[in-house]
Amino acid sequence: MSRLGTITRRSFLVASAAIAGGVAFGIYKLRQPIPNPLDPGEGSALNAFLVIDQDGVTAISGRADMGQGAQSTLAMLLAEELDVDWESVRVAHGPASVAYYNAAMMESALPGAEYNKSSWMRTVGAFVGNAGGRFLGTQITGGSTSVRDGFDKMRLAGASARETLKLAAAERLGVAADRLRTEAGAVVAPDGTRLPYAELAEAAARIEPPQTEPRPRAEWRLLGKDQPRRDMAAKVTGTQAYGIDTRLPGMKFASLRMNPRLGGGLQGFDPAPALAIPGVEQVLDIDGGIAVVARNSWAAMQGAQAVDCDWGPAPYPDTTEAIFARIEAAFDDSPNSTMRDDGPETQDGTEITAEYRLPYLAHAPLEPMNATALFEDGRLTLWAPNQAPLVQQRTAARGAGIEPEQVTVHTTAMGGGFGRRGESDYSELAARVARQMPGVPVQVIWSREEDMTHDFYRPGVIARLRGVVADGTAKQLDARIAGQGMTAQVAPRLFDIPVGGPDRALVEGLFDQPYTIPSYRVRGYTAEMDFPVSFWRSVGASHNGFIHESFIDELAHAAGRDPMEFRLDLVRPESAVAAGVLEAVRAMSDWDNARASGRALGVAMVWSFGTPVSQVIEVEDQDGAIRIARAWIACDPGIALDPQNLRAQMEGGLIFGLSAALHGQITVSDGMVEQWNFPDTDGLRISGAPRIEVQVLETNPHLGGVGEPGTPPAAPALANAIFALTGTRARELPLDRQFDFVL
């Protein structure tokens, strides 16, 4: 792949997704074709998602790779329609461009539970997703929307390119296009003549693409079958280049030191101790912190630690206890949202109450934050592992003091993201450094300690629930949850727009679950403070899944019912799809047969990102410590486009959720985050991980996400299993503060 970034001579309306009408931002603006952002050099860009050159076919993804495999699945969608051999397809990330806007992300942000949205609501959502996505430039990887958004776009792009190549071949051969077929990267004539796509691509690029429809599922060759991921060989051989591997001629390295009291500012510093370290060349003021520039990253990091800094105070309560006191005080105010308000305020029966507290959490990807920047001739070039190229472009431009159009963003592979790389602080800080070093490429790399103590954290929350059971079932569930509102912080950072009103992220995973409970009420209370928070894998469902499914378990036991059967009775009338994953995991785990002494099962089911996931976890008592022995997962994303990768994502989501449940927390003392590195907030080790089985169902009428839905059920399934084993109910996380585990 040569150059990606400038506008070609021909425009392409992405995925043929014209907006049929609208008034929000002006119909003329919405109907304008989106320019094709690809300039492939010697190849031909038939549309924004495909380049054909002499080396073959490159699928262009608008979504980033952070280990979730979405780029491979998106490439499969295109390859399916284009009739090319899977082994020959290359995958590249596209440039920063509105052409790759994420309509599914905008649509999923609308109110209304995913499992029961009406066709009318989905039509409105599709319009808002396309209009809002184009207007805001939501080229974002997140929300388990990559494949949902690309399902039609990539297939239509492949089908359109296929038919355009046939038209080019028909012109050359003098044969009607409908007599031609395609296979293995070539157009084939009735007499057997084969014209490789590379020979036709230049002519095809001059032809107006015809309207065409993707093939029916019955004709799929690649989709729905296990396929090797296109990135896997490089990753297992160590040849995959991540952002931190970027190397340019004459490159320098810089390490940051920002106020450990987040947002507190810098009142002064003494660079002398850093400049005395061999390899250190200069110390820069970067507005709120310092950057030490050196000939290598080790000298830069040592120098950053040596600088004597005078930090300002924290703009938030300076201890964990004071922060949670502020959260608790939010219950005294009016609710920010009442996203579910079903039935009367009271019901007759046995009342159960519970309070749950969940900690702040760091994203902690394995590859720390980094970005490489070069400022020269009034322009900035940025190499950054990121989830939102247009966001990086805007904020890097701000850091360099130039316009966004003067910034070129190259998105590299990521060593983990989990939502952290949807933020752009690392790119803005790299731009500030590069602006002071014109003509010199500089890699700004964060130490692990700087990374973990300067995150945008998953909010800590307090939830107070009241329920009523009678006649063996739930009559009432009244949930109040307090925490910082994520959307009000994130929207200004990502899109430079203020957002008010109900904060859906605070209550998702509580208000939108498919349970038939006569009185079902969910209210959210936002705590205002300047502690930095953002989206963490599975967002609100990550904490509300634990809250909701733990309390459902408490209701089941109060009603004297089996927790699985209790759930099924509540779910069946509302959603056959959700009931299906419960029934599947019931059979997989042999739930109905009693366990041996010292063993117990727990279950949880959470619907998030369009996909219901049910998990059963088996624990065992091992000399007084708890071993997580086995886990069963059943999910229903509608269509298993990439089954092998789907199963891997469910397993990874479970492990991610269990790690946080056992060990994850961020605490604050004297305004500073206390967890500095992985030993301070550990992950699940292989020795402590369960054997996992995954079953994928395909009854969901709507395509759901897979990267995040595996996380929310993990913590409650484990906590419910621990209750079944020990009789002790866990209402706070992490669990290792209350129980001993086999690690």
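Tutor: The protein chain has 20 helices and 27 strands, and the model is a predicted one. Along the principal axes, the C-alpha atoms occupy a box of roughly 80 × 70 × 55 Å. The radius of gyration of the protein chain is 27 Å, and because a compact globule with 743 residues would have a value near 27 Å, the two agree.

Burial comes next. Of the 743 residues in the protein chain, 61% are buried.

Now the part you asked for. In soluble globular proteins, nonpolar side chains tend to be buried together. Here the largest nonpolar core contains 79 residues. The residues with the most contacts inside this core are Y356, L477, I547, L555, I617, L718 and L735. Helix α18, which covers residues 576–588, gives the most to the core, contributing eight residues.

Setting aside neighbours within four places in sequence, I547 is in contact with Y356, L358, V461, A463, L465, I481 and L510. One of these partners, Y356, is itself among the residues with the most contacts inside the core.

Cysteines deserve a short note. C635 has 0% relative accessibility, so C635 counts as buried. C309 is buried too, because its relative accessible area is 15%, under the 20% limit. A disulfide is a covalent bond between the sulfur atoms of two cysteines. A search of the whole structure finds zero disulfides.

Last, a piece of local structure for comparison with the packing above. Strand β10 (residues 280–285) and strand β11 (residues 289–294) run antiparallel and are joined by five bridges. Within this pairing, V283 has V292 in β11 as its bridge partner. The two strands, β10 and β11, form a hairpin with three residues between them. In the turn, D287 has a positive phi of about 65 degrees.

Terms used: Residues numbered from 1 in each chain as written. Heavy atoms only, no water. Pairing = 2+ DSSP bridges. Helix = DSSP H or I, 4+ residues; strand = E, 2+ residues; numbered from the N terminus. Disulfide = S-S within 2.5 Å. Buried < 20%, exposed > 50% of the residue type's maximum accessible area, 1.4 Å probe, protein only. Rg over C-alpha atoms; globule rule 2.2 N^0.38 Å. Core = buried A, V, L, I, M, F, W, Y, C linked by side-chain atoms within 4.5 Å. Contact = heavy atoms within 4.5 Å.
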